[in-house]
Amino acid sequence: MIILLGPQSPRPNLGEAVELLSVDGPFCVVTAGWQERSGETEALAEHLGRKLINLKLYERAERVFAEDPEFFAAHRRRQDRLRKLQGLYRLRLAPLLRTARRLFEEDANSDPDLLQGEQKSALEMVRILDRHHLTRLRQIHAGWSEQWRPLERDSLRRERRRIEKQVADCDAVLIAGGHVAVLLNRARLFGLQQMIGSRPLVAWSAGAMAVSERVVLFHDTPPQGAGDAEILESGLGLARGVVALPHASRRLNLNDRVRVRLFARRFCPASAVTLDNGSMLWWNGDSWSGNRAARRLTAEGRLAEVKDHAGGD
């Protein structure tokens, strides 16, 4: 079973989700997104009333980098390339989204056949760029892994063996939020997704983003920038058919039917789902369902409940 949650403040519902797993534990917990605070899991264990085994991915990665400076330098060069690629992607994405929004704001009554054809074409150009960006990201990761073979580095291999043993002793895995890029980076570095396998999983906030197939950054009205949703990375791929949107009511204008419609259609057949505080989304092996706080963005520009939904409209 996979359960995705929104942020846990001010009203946590992680305990409720853990009860739904119907396993006694112990539980592994991944807090790499908390970075320097990743070891502070006492409050979490107390809240759940269960034994937690902190995998300490952030600290382990720092230890690996300290022991293997050559590998650390190569890792940083890869991260620099990824940041540059993201900048080029944004440069191309902005005018495409601006055009698509303008076309979807047009009055369809003038000539709906003409307009719908242009809308479809403009949206497909955005989707083509998104697919291209994901391909480039995967190429960089694959090329780097082939060159540096991280799992053959002594320091990383030692840490990975210890993590594998801890995961093997656990009945379920919890993945916390925090900095999504750091969380995903550390999880991928140690091959966490392969270790988790079919174990029950609860992920919240940025953790829910990281376990999806694509990590999408979004904010309609950021303090600076254009407010364009962008693909940051391919995710761990454990939660398929969904785009997780933590803090959606704060970061998205959900009353803007044009933006909601574009977002839903852009990432279809995956379902874009709001994960605000109190939200819960679960996968039963065949489809996604959610409580009332979790809402699905639709191709009509509205919000709908998530019930027995496999992804898409």
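These legends describe close-up views of a predicted model.

**View 1**
Helix α4 covers residues 69-104, which is 36 residues. From its first C-alpha to its last, α4 reaches 51 Å. That is close to the 52 Å expected at 1.5 Å a residue. The helix still has a kink of about 30 degrees, placed at L93. The proline P95 follows shortly after L93.

**View 1. Helices α4 and α5 side by side.**
Helix α5 runs through residues 112-148 and packs against α4. The angle between the two helices is about 175 degrees. Their axes lie 9 Å apart. Angles over 145 degrees count as roughly antiparallel, so α4 and α5 are roughly antiparallel to each other. The contact of α4 with α5 brings together 20 nonpolar, 6 polar and 8 charged residues.

S121 sits in helix α5. S121 has a relative accessible area of 39%, so it is partly exposed. The C-alpha atom of S121 is 8.8 Å from that of A100. Along the chain, S121 and A100 are 21 residues apart. L134 also belongs to helix α5. L134 is buried, because its relative accessible area is 8% and the limit for buried is under 20%. L134 and E233 are 99 residues apart along the chain, yet their C-alpha atoms are separated by 6.9 Å.

**View 2. Helix α7, a mostly covered helix.**
Helix α7 spans residues 180-189. Of its 10 residues, 8 are buried, and the helix is mostly covered. After α7 comes G191, with a positive phi near 70 degrees.

**View 3. Two cis peptide bonds.**
Most peptide bonds are trans. The bond joining S9 and P10 is cis, with omega about 10 degrees. P10 lies in the loop between β1 (2-5) and α1 (14-21). A cis peptide bond also joins C268 and P269, where omega is about 15 degrees. P269 is in the loop between α11 (257-267) and β9 (271-275).

Most residues other than glycine have a negative phi. S205 has a positive phi, near 55 degrees. It lies in the loop between β5 (201-204) and α9 (206-210). S205 has a relative accessible area of 13%, so it is buried. H247 has a positive phi too, near 60 degrees. Its loop runs between β8 (242-246) and α10 (248-251). H247 is partly exposed, because its relative accessible area is 22% and buried means under 20%.

A disulfide is a covalent bond between the sulfur atoms of two cysteines. To be counted here, a pair of cysteine sulfur atoms must lie within 2.5 Å. The count by this rule is 0 disulfides. C28 is buried, with a relative accessible area of 0%. C268 is partly exposed, at 27% relative accessible area. C268 is also the residue joined to P269 by a cis peptide bond.

**View 4. S287, a buried loop residue.**
S287 is in the loop between β10 (280-283) and β11 (288-290). The relative accessible area of S287 is 9%, so it counts as buried. S287 and W34 are 253 residues apart in sequence. In space, their C-alpha atoms are 30 Å apart.

**View 5. K307, an exposed residue after β13.**
K307 lies in the segment after β13 (303-305). K307 has 58% relative accessibility, so it counts as exposed. The cut-off for exposed is over 50%. The C-alpha atoms of K307 and I140 are separated by 37 Å. Along the chain, K307 and I140 are 167 residues apart.

How values were computed. Residues are numbered from 1 along each chain as its sequence is written. This is a predicted model: local features need pLDDT of at least 70, side-chain atom pairs count only at pLDDT 80 or more; totals for chains, interfaces and linings use all residues. Side-chain values use heavy atoms; hydrogens and water are left out. Helices (H or I, at least four residues) and strands (E, at least two) are DSSP runs, numbered from the N terminus. Buried means under 20% relative accessible area, exposed over 50%, partly exposed in between (1.4 Å probe, protein chains only). The expected span of a helix is 1.5 Å times one less than its number of residues. The bend at a residue is the angle between axes fitted to the seven residues ending there and the seven starting there. Axes are lines fitted to C-alpha atoms, for helices over the stretch in contact, and angles run from 0 to 180 degrees between N-to-C directions. Angles under 35 degrees count as roughly parallel, over 145 as roughly antiparallel, 65 to 115 as roughly perpendicular and the rest as oblique. Ala, Val, Leu, Ile, Met, Phe, Trp, Tyr, Cys and Pro count as nonpolar, Asp, Glu, Lys and Arg as charged, and the others, Gly among them, as polar.
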